[in-house]
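Subject: Structure handover

Hi,

Here is the structure I promised to pass on to you. Please have it open while you read, as my notes follow below.

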Amino acid sequence: MAAQLNLSGPPDSGLSSLTDQSMSSRTSNRSLRVAEKERRKNEAEDPSVLALQYFYNVEAGTPVNGNDEVERNLVLVEQVAYRNGLSPEAISIMLEFAMSLRMGHSLCPRVLKCLIPVTVVPQEAVVRGVSWLGVGKIPVSTQVLFIKWVLTVFDMIDAKDQLRAIYGFIFSFVSEENLCPFICHLLYLLTSKQIVRVFRVRKLLELQSKLGRQPFLLNLLSLYKVFCPELVTLSIPSRSKSVFKNHNMPWKSALFAVQKRNGSQVASSISLASASKDGTNRRKRKHHHLEIPVLSAVVNKQPQTETSRRLVPLVQIQSVAELLENMDHIELPAQMGSLLGSSLALQYLDCVQDESALLRLNFWIGYALHEELLFCGDGASQNSEESLQFLNKLLSTQHFLQEGFSSSDAFLYKFLNVWDGSLLRPQILGLLSNIPVIPSSQIGRLLFEPLMQLFFTSSVFFKCGLIECLSNMLLKWLIWHSVYALEDDLDISLNSHTSINMTLSGFKDSVMGLVDFVGRLASIGLQLEGCHSLLLSFILDFYTMVCDTFLKYGLPLVVMPPPGVFYPALFATDPVSVDRLAFIMYRYKVNLTSAKSQEKLTEQAFHISRQTFREFNNYTVYMVNCLWNSKMFQPGMGVQLREELLLKSNVPQYWTSFDLVHHPAFMSYAIDFHQKCWPGKKDIDLDSIKHSKPWSWYLEYLFSQGYDGLALFVQSNIRAGQGNGQQGDSLST
Amino acid sequence: MSDARSEKKRDKLPGLNTANILLVESEEQFQKSLADALVEETAVTVYVRLAKSLPLPKENEESRPRIDLVVFIINLTSELSFQSAEASLKYLDPGYLLGKVCFMVTNARNVSVPTKRLDAVRKLAAALHCPLLFAEDQTSDGVTNATKRLLSILKVSAGLVPMATALYLSSLTSCTVPPRHRPAKLRLAPVFSGGVSLNF
Amino acid sequence: MDESKKRLVQRLIRRIPTKMLKTTLEKWGHLTGEQLRAMDSIQSKWALTESLLAICEENELAVKHLTELEMIYMIDNPDQGMWYAFQLTDPGDDAQSVDLMQFKEQFKSHLREIVRQVSVKIKKHTDEAVWIRIAWGDTYSRPDHLKPTYVVHYLQTPYVFVTRLNSKQKPILFQAMVLSTRYQYFKDANLSGRNLTAIRDLLMRKYQQVFPTKYPSPLTERKQTVTNPHVEREQAKPAANRLQMACEAFGGGTLPQLQSAVYKLETKFRDHTNTLMTEREEPFRCVVKFSSTNLLESLKNCASSGIASTPVTPLLSSIPLKGKNYFVITDNGPGPSSQRRQTQN
């Protein structure tokens, strides 16, 4: 056991003096090593350390055949490797031995196969290994094996900065036909935004024309496209679903065994990484795909003193304070999806505004959404629980970041076209409400057409849900406007991370389009559902926001509700709806008045069309006539019926039917009031309330019941002291 | 030609508070679960007729009530299913196309569906001005929802919703031209694109 | 320790799933109760191998005992690998009177006459089937117990099922079989599948068959579950017809599980628009393969659901009818007739 311990830990004195000179950069573990040295002072040199020493010292050109010493030493190293794994130093030594071909290439594959790391793989060793590729007498199969090994232990390499630094060197190997798939995978893992260059894109395209549309090239190109869409004009097939294959076969079982034995945290992260990268085993991958990876870094070493040199993995950050301290040298995890699960990580993303990190996250989300919800395999229904969790996570992330991901928007536009209106409804509607402003030229096709079909063929509850969702969408757009419009009067940025701007008039067109669309849905929806009061309530919610666009959100736009909304609300059987309509009309008046006064004040201010004023006046006059003056059917009003027809209906005094006393919504109050006012009276004569004195009492009684909207409406439209029979005033155009 | 169009039931009168729906599906799978769910409706008496394809057999002519809504169920993963629906449409009385036909599509989210087929179904529905509903036939929630949506259309086309007619509803819900036939600029490279390319 | 024995133990432990190991070992009966319990507590396959090897040493169990263990497992789990059906023809006068002892003795001696290095183990299973395990060797090597051939024969029937037989040993086995069963010939039945019981049932007609009838059979009544009176099937009659015809072709109840059916076409190419191909002398060759986890059930479903036209084409219905799933289709004579004929082989 002692032997294994020795080899698994840093090697002791005899060897460390040797390693020090060659690997002077590996000073980070020095303090640890000193401690180890102390501990082992008394231990005798054990055979496996000697074996390593042998491989370190062995002369180039030493024969292999018939060399029992090599065999014996290699077996010793292998034993330790398969049992406990190799320490970083041992890996450096063995890798160097193999790649330098000091004893020819026959031992190479065997050595590579036993490079099972116990903790981490030193980056320098990998870099040196890569550099040996360039010297080039290594057989192609061994080169492939080496790259496969790098891919397998990629998450265990202690840092990636130097590897990224030799990106160009690694890239040069793509032209080697046999290495290409594996090199592409490695590049894929190393790519960052700065690395994407025209000449690399060109090289890859050239290769593609030579080799055909290979999935590994497409995958790398698609990543380039994510980083620099302007450089990659190539269209990538929407259904290219091949992920890079897993190449960990030669090491998989050994790695698992070693990690299991060591009880290391590394095991879980490797298994997750392999599960999500595994393209060959679709079934297995299916089950793991939407699982948000655990935020992890394999580099589980103690935080070092010289943090300035090394990057700090995000997983080690425990608090906001630490985050702030290490802000400039944080290493993002290999799996961007893991960021979704960590609020600290999101905090980091939000304040660093790291474009490439967001792009990577975006890419991952888009891929996952498409894969799970648009292009499902058979038995897609089984993982709906997973999808639910994932979408909820995505929603809370969007909520946290206060903005959506463009990939989820793009997904939604497509998903709406095949949605049944019920699958994951709350989540889909939630995501939908986060969609940023869409230009009015596209809003119809992307949103309105699919939503129309869904709305009119679905239940009233879906209708309510959709109206609520569109209200939230509008609210977010308006807030967006009020935040960004302050910075620049004309242009607002659609998304804080893109440079796409929109003019104010374009924004107004979009908002107008949305409001008109909801108006259409609302009028017809109310008609189809028999003025369902729940639906009406959601619609009035929407207009409560719309009527205040100018004052509350600073958007110079006033849109009146269509008659299909106004009249059903006015004639609703519940007093709350009528009250809310009154409130909405009151706010319209305040907004319009204020806009008008501004228009007079400054020449620049926006112009409200006469049509809007006319509509507003018509509604107000009708409302006052109807509720106050008992003159429902005046010529020139919104609702007109022929006199004969009204007489035929045999309704006595039909013109009073919807005044505040006889309105079905308020009738019960009127009767209640009547009883309170004239307790002795047996016959109820509601008309008696209309006399000047009881009328004002009745109004007071109504207002005291909490109908503030009605109160505000009456106060603003009917001059004080003018009792029954007074026409409401109107705004002049 | 019109002799061949057997679906002509104008001479039959509608029953009181009843609605009749005809489900046409060549695979005869989804229609069964839909039928079982449809007849559960209590507000209206719903009669369901199931057919594999049109024309309907002559011998049932007498017993067959006036059909208020014809639903063509198409499984997108099967070319046969689509072809069968297309062939059946030829036997439909043109009168039905005035708001009394709808298409219900299943498996639209399946990876094995060629985009061309979905486009073809869309084109068909758009050309006939019929609504195109998507349904999840694998889950019970999906079936319930599909049933509800069919019922809401059926009630209108059977004249049970005041102020609404089948033609009116179908003008609101009829399928639109496939999105793919829009300007190429808007076609996204879906998985990877960072969203809609908004060019101003 | 004997290397071949070690390999055999390794192979056995690897093949037998852990959860079945206990019952298999119990059936084997060569382990003491304590040893069984000890084996039961071990989880890893590697440790199990080591432990079983130690027990073999301790109980002095030889390779022949281990082959017995393999046979027990094989008999309980025959559905591994492909089984091929063969048929004996032209029975001799005494073919019906061959009994197990006689067969055992004769088979072994006939086989040993031809191959010296062969290890044969014969075991009678409860359902009249005789299981034969043959480990082949040749003149220079001892029998290889890692690649044994399994033969299942039902005494007094002409049917033989074989798995893992290579072509070199085929004639040897055939000869031994023919001689020891008193038949004249041995021929390929052109039937194969992963499920031994299924191909046996198919060949021996042990599945539920349905016979053509003009009258509504009780079948349709059975299928018609109580449906809501508000639901009416417009095409109920044709559907029932299709189901009847599908059942006539493929049988009524659960069907034997076949995995594939292969049609090898060797016919003249006929297409008026393509004279080049039509005028060719040699037949046009192509192979059509149907595969499914349960082929007959799928075919039946195709027919009953109307995907395949009814009545079912004889090409498909001859799978259960003839008990074959490999067909060669050739032209019937040189004439212009387009009649197709299925040859016997």
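A residue is called buried here if 20 or more other C-beta atoms lie within 10 Å of its own. Please keep in mind throughout that this is a predicted model.

With that cut-off, let me begin in chain B with B:Val71, which sits in strand β3 (residues 69-75) of that chain. B:Val71 has 25 other C-beta atoms within 10 Å, so it counts as buried. Which residues does B:Val71 contact, leaving aside its neighbours within four places in sequence? They are B:Ile21, B:Leu22, B:Leu23, B:Val24, B:Cys102, B:Met104 and B:Leu150.

Chain B as a whole has five helices and five strands. Starting at the N terminus, its elements follow the order β-α-β-β-α-β-α-β-α-α. Of its 200 residues, 48% are buried. If you take the contacts in chain B with a separation of 6 or more, 81% of them are between residues 24 or more positions apart.

One of the contacts of B:Val71, B:Leu150, is also among the buried residues of helix α4 of chain B. That helix covers residues 140-157, and its 18 residues should span 26 Å at 1.5 Å a residue; the end C-alpha atoms are 25 Å apart, which agrees. Besides B:Leu150, the buried residues of α4(B) include B:Ala146, B:Ile153, B:Leu154 and B:Val156, and you will find B:Arg149 and B:Lys155 on the list too. Just after the helix, B:Gly159 takes a positive phi of about 75 degrees.

Chain B also touches chain C. The contact takes 16 residues from chain B and 10 residues from chain C. On the chain C side, strand β7 (residues 231-233) gives the largest share, with three residues. That side has two nonpolar, five polar and three charged residues.

Within chain C, have a look at how two helices pack. Helix α1 (residues 3-15) and helix α4 (residues 45-59) of chain C meet at an angle of about 135 degrees, and their axes are 9 Å apart. They are therefore oblique to each other, and α1(C) passes α4(C) in a right-handed crossing. From α1(C), the contact is made by C:Lys5, C:Lys6, C:Val9, C:Gln10, C:Ile13 and C:Arg14; α4(C) brings C:Lys45, C:Leu48, C:Thr49, C:Leu52, C:Leu53 and C:Cys56. By class, the residues of this contact are six nonpolar, two polar and four charged.

Finally, chain A. How many helices and strands does chain A have? There are 35 helices and four strands. Of its 733 residues, 42% are buried, and among its contacts between residues at least 6 apart in sequence, 74% join residues at least 24 apart.

A helix to pick out in chain A is α29 (residues 563-570), which is mostly covered, with six of its eight residues buried. Those six are A:Val565, A:Phe566, A:Tyr567, A:Pro568, A:Ala569 and A:Leu570. What do they pack against? Their partners in chain A are α26 (504-528), α27 (533-546), α30 (575-601) and α31 (610-627).

Happy browsing, and do write back with any questions.

Best wishes

Note on methods:
Residues numbered from 1 in each chain as written. Chains lettered and ligands numbered in written order. Predicted model: local features only at pLDDT ≥ 70, side-chain atom pairs only at ≥ 80, totals over all residues. Expected span 1.5 Å × (residues − 1). Buried ≥ 20, exposed ≤ 12 C-beta atoms within 10 Å, placed from the backbone. Contact = placed C-beta atoms within 7 Å. Axes fitted to C-alpha atoms, helices over the stretch in contact; angles between N-to-C directions. Parallel < 35°, antiparallel > 145°, perpendicular 65-115°, else oblique. Left-handed = near helix turned anticlockwise from the far one by under 90°. Nonpolar A, V, L, I, M, F, W, Y, C, P; charged D, E, K, R; others polar.
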